[in-house]
Amino acid sequence: MEALNQILFALSLIAPSTTDPATLVKSDNVEVAGPTKEVAKEVLSAAEAIRKKLAIEWFGRELPRGVGYCAITVELSDQEQRCATWQMERDGCTYQLVRLKAPRADLAGSPLVHEILHVLTNSQFPQGLPAWANEGVACVAEDKEEFYCRRAVAWFSKTGNWPRLKEILEAEHISENEHKRYWAAASLTRYLLVRGDRQMFFQFASAGKSDGWNNALRRYYAVQDVNDLEKSWQAWAVEGLQRETKPLVPSGMAPNEQRVSTVPAN
Ligand SMILES: [Zn+2]
């Protein structure tokens, strides 16, 4: 059912053709269709700045003009946040479509950062990153990621209900609705980025997908196999909880408040 929901939501991305051209704004790298031209301009400006910042942070350089061109459709909603990035082939070209459905105040923030990083990784790894790495780096790039990640790890630790890393590494798809796997992927990504730099992380993720995870672990991180990785990751994650003294409820958020649902796509 989850897969069907993903497909239906992704298909709804092919809606920009119904957008009023009067609200469409474009640059060399991004086009945005918004409910108003003012909103579209605001998102376009934010997307360009985020694209530049993330490219330097994650790939060490600005991307050439037009690389990773994406079309963003914006919908305002006070009740719901749903975001996705979707690739579509047409006439031999790959187009990246992004849908942002979020409150006005959040449009240029965390959800846009998450989706733009998907756009960049899709453009740099056309063969596709493994699902856990794709979601992991997008989560780590978000400013809100650490809180949710810590809360998930606290739950794993308290209940002993840790997800198996083998299943996460080999998953074909991971969505935010699969909380255990999604936040474990984010935590694992953060752990590997402590053990090595971003370039090593991407090399490992690509090699593991093609050559097997045990081989890639030995080559890049001097870790014997996935079982050893699982043990060292869990120990690091629990140690992080003990080091961090900030409460697991950020200011302004009720203790039982859940992160609004988003539907990330690969
Ligand atoms: Zn995502």
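## Close-up views of a predicted model

**View 1. Helix α2 meets helix α3.** On the α2 side, the contact is made by Val43, Ala46, Ala47, Ile50, Arg51, Leu54, Ala55, Trp58 and Phe59, and they meet Leu112, Val113, Ile116, Leu117, Leu120 and Gln124 of α3. Residues are in contact if their C-beta atoms, placed from the backbone, lie within 7 Å. The residues of this contact divide into 13 nonpolar, 1 polar and 1 charged; here Ala, Val, Leu, Ile, Met, Phe, Trp, Tyr, Cys and Pro count as nonpolar, Asp, Glu, Lys and Arg as charged, and the others, Gly among them, as polar. This is a predicted model, in which local features need pLDDT of at least 70 and side-chain atom pairs count only at pLDDT 80 or more, while totals for chains, interfaces and linings use all residues. Residue numbers start from 1 along each chain as its sequence is written.

**View 2. How the two helices cross.** The axes of α2 and α3 come within 9 Å and cross at roughly 55°. Axes are lines fitted to C-alpha atoms, for helices over the stretch in contact, and angles run from 0 to 180 degrees between N-to-C directions. The two helices are therefore oblique to each other (under 35 degrees counts as roughly parallel, over 145 as roughly antiparallel, 65 to 115 as roughly perpendicular and the rest as oblique).

**View 3. The open sheet.** Five strands line up in the order β1-β2-β3-β5-β4, with mixed pairing. At the edges are β1 (24-26) and β4 (82-90), each pairing on one side only. Strands pair if DSSP finds at least two bridges between them; helices (H or I, at least four residues) and strands (E, at least two) are DSSP runs, numbered from the N terminus. Inside the sheet, β3 (residues 70-76) and β5 (residues 93-102) run parallel and are joined by 7 bridges. Look for Leu76, which stands opposite Ala102 in β5.

**View 4. Helices on the sheet.** Helix α2 (residues 37-59) packs on the sheet and touches β1, β2 (30-33) and β3. Its direction makes about 150° with that of β2. Helix α3 (residues 110-124) also packs on the sheet, touching β3, β4 and β5, and its direction makes about 170° with that of β5.

**View 5. Asp228 in helix α10.** Asp228 is found in α10 (residues 226-243). With 15 C-beta neighbours inside 10 Å, Asp228 counts as partly exposed (buried needs 20 or more other C-beta atoms within 10 Å, exposed 12 or fewer, and partly exposed lies in between, with C-beta atoms placed from the backbone).

Methods:
Two residues are in contact if their C-beta atoms, placed from the backbone, lie within 7 Å.
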